[in-house]
Amino acid sequence: MTIPTDPQTGEFRRSANHFDARITADGRDGWPVAAGRYRLVVSRACPWASRGLIVRRLLGLESALSVAVADPIQDDKSWRFTLDPDDRDPVLGIKYLAEAYHAADPHYMGGISVPAIVDIPSKWLVSNDYPQITLDFSTEWTSLHRPGAPDLYPERLRGEIDDVNAGVFADVNAAVYQAGFASKQEAYEDAYHRLFAMLDALSDRLETQRYLVGDTITEADIRLFTTLVRFDSVYHGHFKCNRNKLTEQPVLWAYARDLFQTPGFGDTVDFDHIKRHYHVVHEQVNPTRIVPLGPDLSGWTTPHHREQLGGRPFGDGTPPGPPPEDERIGDTDGATS
């Protein structure tokens with residue numbers, strides 16, 4: 001995997017999301033919401049894709065939107081379906097996600113990223129715009145939500161959620177990558193300092209409230225969780241984000257455990273996929289490709305006591321039921337996932 005960095009500053013540069021069509025209730029971009037029409041392609045290793053898995057579970061979209069799980073280990077053609085029989089996705093019939101990208105744009109030369117939504121009849125990629133995908137699940141796919149689905153993007157709180165998300169994206173979600181992929185000391189140190197300054201601010205915020213915005217789980221919590229759940233396994237060591245482990249930050253550690261133990265969160269986490277992807281694929285960071293045996297993950301299921309702060313995880317809604325049998329993930333190193 002080639003890591004794109006600025007040759008002058010050494011800063012990691014993430015590729016833009018080239019495919020940004022939206023699947024909407026009115027189909028204004030040519031892609032109407034329809035049960036069974038689309039397939040969500042993810043890697044359980046990827047934090048951006050994990051957002052989609054969590055929101056899909058919480059809203060009960062499993063029967064309306066099928067999911068394809070890519071192998072956590074990419075090759076030179078990127079995400080591949082080698083976890084499936086004949087190394088092909090059984091619904092789309094393709095071996096590589098790149099085939100859907102090139103069906104949509106034969107001249108596309110950019111990166112191949114997840115999450116991606118693919119139109120099943122045409123096998124065309126519709127969107128890899130991960131920030132918008134989950135928001136549209138909440139606001140455009142409402143006709144397909146399960147009874148009791150929570151409101152993850154309540155209209156009255158959207159301004160505050162957007163503000164929190166912007167800070168978390170810049171100084172947490174993206175900052176861990178900017179630290180880990182930096183090719184110059186100054187770029188690394190800038191990302192490192194921004195990351196821990198923001199984590200300290202989030203810890204202060206969460207010390208007296210159970211969730212980031214309001215008294216229920218929102219999109220903001222989902223976006224922070226997908227970084228926190230990977231922190232000790234990969235970001236602390238592999239990406240040199242090592243001022244503290246998550247387990248050494250009491251408020252954030254309790255907050256992350258609270259979410260992990262909430263239906264829809266921990267049951268989408270695959271620590272094996274996470275560890276193997278980062279340590280094997282990022283050869284510029286880890287040339288030996290050795291996958292660490294630690295850390296001990298058993299603490300994820302220990303009591304967190306965050307319920308003492310009040311809050312209602314699902315608001316007026318209800319928790320999702322168990323994940324479909326074919327999407328269940330077994331215990332990994334002592335952590336129920």
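This is a predicted model: local features need pLDDT of at least 70, side-chain atom pairs count only at pLDDT 80 or more; totals for chains, interfaces and linings use all residues.
1. In which sense do strand β1 and β3 pair, and over how many bridges? Strand β1, residues 38–42, runs antiparallel to β3, and the pairing extends over four bridges, where two strands are taken to pair if DSSP finds at least two bridges between them. Within this pairing, Val-41 stands opposite Ala-116 in β3. Helices (H or I, at least four residues) and strands (E, at least two) are DSSP runs, numbered from the N terminus.

2. Residues are numbered from 1 along each chain as its sequence is written, and side-chain values use heavy atoms, with hydrogens and water left out.

3. Strand β3 (residues 116–119) also pairs with strand β4 (residues 124–127), in the antiparallel sense and over three bridges, and the bridge partner of Ile-117 in β4 is Ser-127. The two strands form a hairpin with four residues between them, and in the turn Lys-123 has a positive phi of about 65°.

4. In a regular strand the side chains alternate between the two faces of the sheet. For β3 both faces are covered, since Ala-116 and Val-118 on one side are buried, as are Ile-117 and Asp-119 on the other; buried here means under 20% relative accessible area, exposed means over 50%, and partly exposed lies in between, with a 1.4 Å probe and protein chains only.

5. An unreviewed UniProt entry lists Cys-46 and Tyr-177 under "active site". They span 132 residues in sequence, yet no two of their C-alpha atoms are more than 11.9 Å apart, so they gather at one spot. UniProt positions are given in the numbering used here, feature names are shortened, and the annotations may be inferred rather than shown by experiment.

6. Cys-46 is found in the loop between β1 and α1 (47–59) and counts as buried because its relative accessibility is 8%. Leaving aside residues up to four places away in sequence, Cys-46 touches Val-114 and Arg-230, a contact being defined by heavy atoms within 4.5 Å. Tyr-177, in turn, lies in helix α4, residues 158–180, and counts as buried because its relative accessibility is 8%.

7. Ser-138 belongs to helix α3, residues 130–139, and is buried, with a relative accessible area of 10%. Not counting residues up to four places away in sequence, Ser-138 touches Val-55, Leu-59, His-145, Leu-152 and Tyr-153.
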